Amino acid sequence: MRPIVKWAGGKTRLLDSLRPHVPARVRTYIEPFAGGAALFFALASESPRRFERAVLCDANAELVTCYRAVKKNAEAVIRAMARYRYDRTLFYETRDLDPTRMTDVNRAARFLFLNRTCYNGLWRVNSKGKFNVPFGRYRDDLRICDPDTLRAARVALVRTKIHIGDFTKATARAGEGDFVYFDPPYVPVSKTADFTSYAAGGFGPEDQARLVAEIRRLRTVGARVMLSNADTPETRALYKGFRMDEVEAPRPINSNKKKRGLARELVVVADD
């Protein structure tokens, strides 16, 4: 199993650094900032599966609707995607559509098409919550739909609760034996490196502080917690007192190609 979406900041290439911090057996796996959910899909593919049940949450309504539609009827989503092809005009026509007027299946197909064909798989919205990432340049034979991946994702999502909203919606009932992995919008490493606009309203300093407070609360109820964030003086100050491991992650998105490469990140662990 692997993610069904491309996602800026996705954790597929960091799985070897994340897996060792996940307990061998977990009652409920909780990911409040689901995004591409790379760790969730990786753990779900293990045999025996590490967790009994799972909770995914995200503030991005299009992403959550997509996961719910694949969970309910992956075959219908696959059929709905048959109309899409790698085409610039079709991309902008589809981007301009109002997804709230669509069925969940067609909304999911639209989301997956835009995600596949937009610039670097980046999902960004304006102040009105409208997706505004431009068309991406790929090979003409770009594969729009991957039926096998969608079918495998459905298997992983069947026993998973999927919520839309603030991260606290996913963690409200967490307790002893549960494992929470936070992968929030990162603290910006510079004024031009702010990728927090994946949903209207963004995710600012006050939200980062709320997140730290929630981690501390989760530890008092016996849940184990792991978090990823950029390695900056601000994040080190936020997570002071927790164990912090430095890792290097690929940085595929930057307007300046020379600045693409490896970036330092922190894996924060609160398990004792």
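Pro48 lies in the loop between α2 (38-44) and β2. In this predicted model, the peptide bond that joins Ser47 to Pro48 is cis, with omega of about 0°.

Positive phi values occur at two residues other than glycine. Ala37, placed in the loop between β1 and α2, has a phi near 55°. The relative accessibility of Ala37 is 1%, so this residue counts as buried, the limit being under 20%. For Asn120, phi is also positive, at about 55°. Asn120 belongs to the loop between α5 and α6 (147-157). With a relative accessibility of 29%, Asn120 counts as partly exposed.

A straight helix of 20 residues would span 28 Å, whereas the end C-alpha atoms of α3 are only 19 Å apart. A bend of about 115° is found in α3 at Asn73. At the start of α3, the backbone nitrogen of Glu62 has a side-chain oxygen of Asn60 within 3.0 Å.

Asn115 is part of helix α5, which covers residues 104-117. Its relative accessible area is 1%, and Asn115 is therefore classed as buried. When neighbours within four places in sequence are left aside, the contacts of Asn115 are Val5, Lys6, Trp7 and Gly121.

Thr28 is located in strand β1, residues 26-31. Thr28 is likewise buried, with a relative accessible area of 8%. Apart from neighbours within four places in sequence, Thr28 is in contact with Arg53, Ala54, Val55, Gly177, Asp178 and Phe179. Of these contacts, Arg53, Ala54 and Val55 fall within the range of β2 (51-58).

The second largest pocket of the model has a volume of about 300 Å³. Its lining is made up of 15 residues, and those closest to the centre are Thr28, Val55, Lys161, Ala170 and Arg173. Two or more lining residues come from each of β1, β2, β3 (160-164) and α7 (168-171).

Technical notes. Residues are numbered from 1 along each chain as its sequence is written. This is a predicted model: local features need pLDDT of at least 70, side-chain atom pairs count only at pLDDT 80 or more; totals for chains, interfaces and linings use all residues. Side-chain values use heavy atoms; hydrogens and water are left out. Helices (H or I, at least four residues) and strands (E, at least two) are DSSP runs, numbered from the N terminus. The expected span of a helix is 1.5 Å times one less than its number of residues. The bend at a residue is the angle between axes fitted to the seven residues ending there and the seven starting there. A polar contact is a pair of N or O atoms within 3.5 Å; within protein, one must be able to donate a hydrogen and the other to accept it, and residues adjacent in sequence count only if both atoms are side-chain atoms. Buried means under 20% relative accessible area, exposed over 50%, partly exposed in between (1.4 Å probe, protein chains only). Contact means heavy atoms within 4.5 Å. On a 1 Å grid over the protein atoms alone, a cavity is a set of points where a 1.4 Å probe fits but cannot get out, and a pocket is an open set with protein on both sides within 12 Å along at least five of seven lines; lining residues have an atom within 4 Å of a point. Grid points are joined across faces, edges and corners, and a volume is the space filled by probe spheres set on the points.
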